[in-house]
Amino acid sequence: MEHERSAIIELAKNGKTQKEILKLLNIPANRRKFVYRTIRRYNETGEVCDKARSGRPPSVTTPALQRLVRERIRRNPRRSMRKMAQELKVSESSVRKIVKVNLGMRSFRRKRVHFLSEQVKVKRLQRCKGQLRRHVNHDIKKIVFSDEKIFTIEEALNPQNDRIISHKSSTIDPDLKYVPRVQKPLSVMVWAGISAVGRTPLIFVPAGVKINSTTYRDLILEPIVKNLSQTMFNGGSFVFQQDGAPAHTSNVTQTWLQSNIPCFIEKEQWPPYSPDLNPMDYSVWSILESRVCAKSHKSIDSLKRKLREEWEKIPQDVLRAAVEALPGRISSVIHDKGGYIE
């Protein structure tokens with residue numbers, strides 16, 4: 001290789017063109033770039049030898065392996081990089097490097113979502129457009145978003161990110177390694193509401209009580225929602241939001257709201273099957289659960305005490321940010337024609 005470069009430089013000094021050099025030295029046409037780069041390097045550095053490289057050339061993540069990985073992903077993108085590495089008989093780190101660096105791809109988790117029929121997507125699209133107009137014409141800070149959630153005494157587990165660092169799995173303390181589950185853990189249903197400027201107290205639904213129109217009115221609407229103008233907005237107006245649960249959309253509840261709440265989002269206005277559009281669902285409940293259920297509780301009373309304690313500790317800035325994210329999420333639903341946004 002070195003003598004070939006020297007011959008190319010000598011011929012170039014004698015005024016030969018690249019085409020003539022290829023012919024005189026019997027260099028194949030597909031190596032034309034080799035001649036061009038050799039002459040350019042000599043003109044720039046005055047040297048014939050090859051440039052020093054930053055490291056050894058790749059021996060595993062070769063173009064051939066990159067093509068294999070690309071083709072496998074094209075045929076079926078639902079692939080484990082660990083299994084693909086085993087099939088190709090290379091290290092997992094090599095496959096990950098090819099996917100990230102060479103192919104510019106990332107691995108995304110599949111997500112469990114509500115089923116959305118085409119009819120539901122049309123309704124979501126139409127009602128999201130209406131809600132976006134509402135947020136343009138009304139201050140989003142005046143909307144109170146409400147929701148219910150069931151909390152259990154069990155420890156919450158995030159199987160994707162809840163990890164333990166250890167030399168061996170067998171040396172991990174079983175109390176730390178395993179998160180026990182029982183068939184019907186003790187639980188409590190909790191109702192709450194938030195706005196950009198405040199929050200309601202947590203309301204615990206008594207054990208054995210089913211939320212219907214009557215209990216919803218007696219436990220939540222009359223004692224809490226009816227007084228929100230004074231307790232959260234200093235006598236000012238507000239807009240009340242609730243999802244499409246039967247107790248919320250019944251004629252009894254809608255009539256009560258019309259008589260007692262000057263402004264609320266009616267059942268025909270809120271997008272159906274849309275927990276991804278309620279700040280309580282897409283943000284606040286998960287924050288509260290991560291704080292309250294970091295470890296299991298021995299009783300419902302312990303769970304309730306921790307829920308009240310951590311509810312008051314969530315900074316108002318966090319609640320405001322969750323609310324202010326809603327218009328962007330609504331725009332995303334509209335952009336995706338009523339489809340999934342997460």
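Colleague: What volume does the largest pocket have?
Modeller: About 1400 Å³. A pocket here is an open set of points on a 1 Å grid over the protein atoms alone, where a 1.4 Å probe fits, with protein on both sides within 12 Å along at least five of seven lines. The volume is the space filled by probe spheres set on those points, which are joined across faces, edges and corners.
Modeller: Before we go on, this is a predicted model: local features need pLDDT of at least 70, side-chain atom pairs count only at pLDDT 80 or more, and totals for chains, interfaces and linings use all residues. Residues are numbered from 1 along each chain as its sequence is written, and side-chain values use heavy atoms, with hydrogens and water left out.
Colleague: Fine. Which residues lie nearest the centre of the largest pocket?
Modeller: R112, H114, P275, D276 and D281, out of 40 lining residues, where lining means having an atom within 4 Å of a point. The elements giving two or more residues to that lining are α7 (118-137), β1, α11 (246-249) and α13. Helices (H or I, at least four residues) and strands (E, at least two) are DSSP runs, numbered from the N terminus.
Colleague: Is β1 buried or exposed, by residue count?
Modeller: In β1, 7 of the 10 residues are buried, so the strand is largely enclosed by the rest of the structure. Buried is under 20% relative accessible area, exposed is over 50%, and partly exposed is in between (1.4 Å probe, protein chains only).
Colleague: And what does β1 pair with in the antiparallel sense?
Modeller: That's β2, over 8 bridges, with E148 partnered by W191 in β2. There's also β4 (residues 239-241), which runs parallel to β1 and is joined to it by 3 bridges; there, I143 partners V239. Pairing takes at least two DSSP bridges between the strands.
Colleague: Switching to α14, which residues are buried there?
Modeller: I300, S302, L303, L307, E310 and W311. They're on the same side of α14, because they cover an arc of only 160 degrees around the axis, taken from the directions from the helix axis to the C-beta atoms.
Colleague: What's exposed on the other side of α14?
Modeller: D301, R305 and E312.
Colleague: What do the buried residues of α14 pack against?
Modeller: β1 (143-152), β2 (187-194), β3 (203-205) and α13 (279-292), with contact meaning heavy atoms within 4.5 Å.
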